[in-house]
Amino acid sequence: MANDATNLRSLVEAIIASYQASPQTRHIDAGHLPNRDAVIEVIKLIREVLFPGYFGKQNLTAATLDAHVAESLTILHDKLYQQVNNAIRHQATRRGADCPSCDTTAEAIVREFLGTLPALRATLATDVQAAFDGDPAASDADEIIFSYPGLFAISVFRIAHELHQAQVPLIPRIMTEYAHNLTGIDIHPGATIGDFFFIDHGTGVVIGETTTIGQHVKIYQGVTLGALSTRGGQALKGAKRHPTLEDDVTVYSGASILGGETIIGTGATISGNVFLTQSVPAHTRVTMKNPELQYRNRPPKEFKQDLPLDWQI
C-alpha cells in the first residue's frame, strides 16, 4: 500500500509539472470557459425556434404559439447570455486584460443575435427549398428538415456565422465542429454563404474560413473549398485563402477547389474529382478526361465511357 501511495504521489507531481511546462493546454485560475454541453443545448433551443413543431415541443397550435415562442426566447436568452459572457471573459483573461464591460457586451450581442432569428428563418427556408428542388429523392420539406445532414450543417453554420460576425470567441467553432462531428460536413463559421444553398449527401465536405459562396449553389459529398497552402500558418490569418463560388454553381463529388484568388464564375459546373487552383469563367463546364480503365482475367475488349452531361445519386 505504501508503494501505491508513493507511486500515486509521483504520478500527480509529474502531471502537475506537465501543466507548468505547457500552460497553453491548461485552464487553471483563468475564469470560466464556455460549456460545450450548454452550447449544444443552445443549438437545440435555437432550432426549436427556427423550425417550430419539428424539434422540442410538438403539437403546437396557433392559440399557444405566442406564449411558446416567448417562453423559448426567454430560456434561450439566459442560456446563450451565460455562454457568451463566459467566452468573452475567458478571452480577456487569456490576453491579460480586465473586462469591466463583459456583462453589457454579452447582453448586447445576445439581443442582437435574437433579433436576427426572423431573417435566419427566411434564409433557411430558401435552403430547404433548394434541397427539395435539387434532390428528386426528397419527398417533402418535412423529410428535409427532419433528416438531411446537409440542412442540419447549414443551419448550425448560419447560427454560428451570426455569432462569428459579432466576434464571439470559441462558441461559433464549438457549434460548427459539433455539426461536423455529427454529419462529416466541416463549414467554418467565417465563411460567407448566400441563399438557396444545398449540400447533397454531404460527407467529407470542407468549406474554409474565407470561402465566399453565392446564391443557388449546390455541392456534393467530398467537395473541398480549401486553401492552396497553409505553410505560412498564423501569418496568413485574415488573408483571403479560400475560393469564391458565384451564383448558380454546381460542384460534383470529390472536387477540390483551392486558393483565395480562385473564382468559379456564375453558372459554372465542376465535375467530380476535378482539382482546380485557377479561376473558371462563367457558364463553363470543367471535366476530367475519361480515365483509362483496365480489366484483368477477361477477354480484351475496347471499353469507352462517356461522361454524362449531368448526374445525381
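Is Ile 28 buried, exposed or partly exposed? Ile 28 is partly exposed, at a relative accessible area of 43%; here buried stands for under 20% relative accessible area, exposed for over 50%, and partly exposed for what lies in between (1.4 Å probe, protein chains only). The notes below take up this residue again, along with other features.

1. Basis of the note. This is a predicted model, in which local features need pLDDT of at least 70 and side-chain atom pairs count only at pLDDT 80 or more, while totals for chains, interfaces and linings use all residues. Residues are numbered from 1 along each chain as its sequence is written, and side-chain values use heavy atoms, with hydrogens and water left out.

2. Overall form. The protein has 313 residues, of which 41% count as buried. Its C-alpha atoms fill a box of roughly 75 × 65 × 45 Å along the principal axes. The secondary structure consists of eight helices and 14 strands; these are DSSP runs numbered from the N terminus, with helices (H or I) of at least four residues and strands (E) of at least two.

3. The nonpolar patch. Ile 28 is found in the loop between helix H1 (2-21) and helix H2 (36-50). Together with Leu 11, Ile 15, Ile 16 and Tyr 19, Ile 28 makes a nonpolar surface patch of about 430 Å². Patch residues have over 30% relative accessible area and no salt bridge; nonpolar side chains (Val, Leu, Ile, Met, Phe, Trp, Tyr) are joined within 5 Å, and like charges within 9 Å. The areas come from the Shrake-Rupley method with a 1.4 Å probe, and for residues only the protein chains shown count as cover.

4. The structure holds six salt bridges, each being a side-chain nitrogen of Lys or Arg within 4 Å of a carboxyl oxygen of Asp or Glu. One of them joins Glu 13 to Arg 9, with 3.5 Å between the closest N and O atoms. Both residues lie in helix H1, four residues apart, about one turn of the helix. Glu 13 is partly exposed at 46% relative accessibility, and Arg 9 is partly exposed at 46%. Another salt bridge pairs the side chains of Glu 107 and Arg 111 (2.5 Å, N to O). Glu 107 and Arg 111 are four residues apart in helix H4 (residues 102-115), again about one turn of the helix. Arg 111 counts as exposed, at 57% relative accessibility. In general, an α-helix has 3.6 residues a turn, so residues three or four places apart point the same way.

5. A salt bridge between loops. Arg 241 and Glu 209 form a salt bridge in which the closest N and O atoms are 2.8 Å apart. Arg 241 lies in the loop between strand S7 (224-226) and strand S8 (244-245), and Glu 209 in the loop between strand S4 (206-207) and S5, so the pair ties together parts that are 32 residues apart in sequence. Arg 241 counts as buried at 15% relative accessibility, whereas Glu 209 is partly exposed at 26%.

6. The disulfide. The count is one disulfide, defined as a pair of cysteine sulfur atoms within 2.5 Å. Cys 99 is joined to Cys 102, with an S to S distance of 1.5 Å. The torsion about their S-S bond is about 95 degrees, so the disulfide is right-handed. Cys 102 is buried, with a relative accessible area of 0%.

7. The parallel sheet. Five strands form an open sheet in the order S3-S6-S9-S12-S14, with parallel pairing. S3 and strand S14 (285-286) stand at the edges with a single partner strand each, so one side of each is left without a neighbour in the sheet. Two strands pair if DSSP finds at least two bridges between them; strand S12 (residues 269-270) and S14 pair in the parallel sense over two bridges. Thr 269 stands opposite Arg 285 in S14.

8. Two positive phi values. Phe 196 is not a glycine, yet has a positive phi of about 55 degrees. Phe 196 lies in the loop between strand S2 (192-193) and strand S3 (198-200), and is partly exposed at 24% relative accessibility. His 216, also not a glycine, has a positive phi of about 60 degrees. His 216 lies in the loop between strand S5 (212-213) and strand S6 (218-220), and is partly exposed at 40% relative accessibility.
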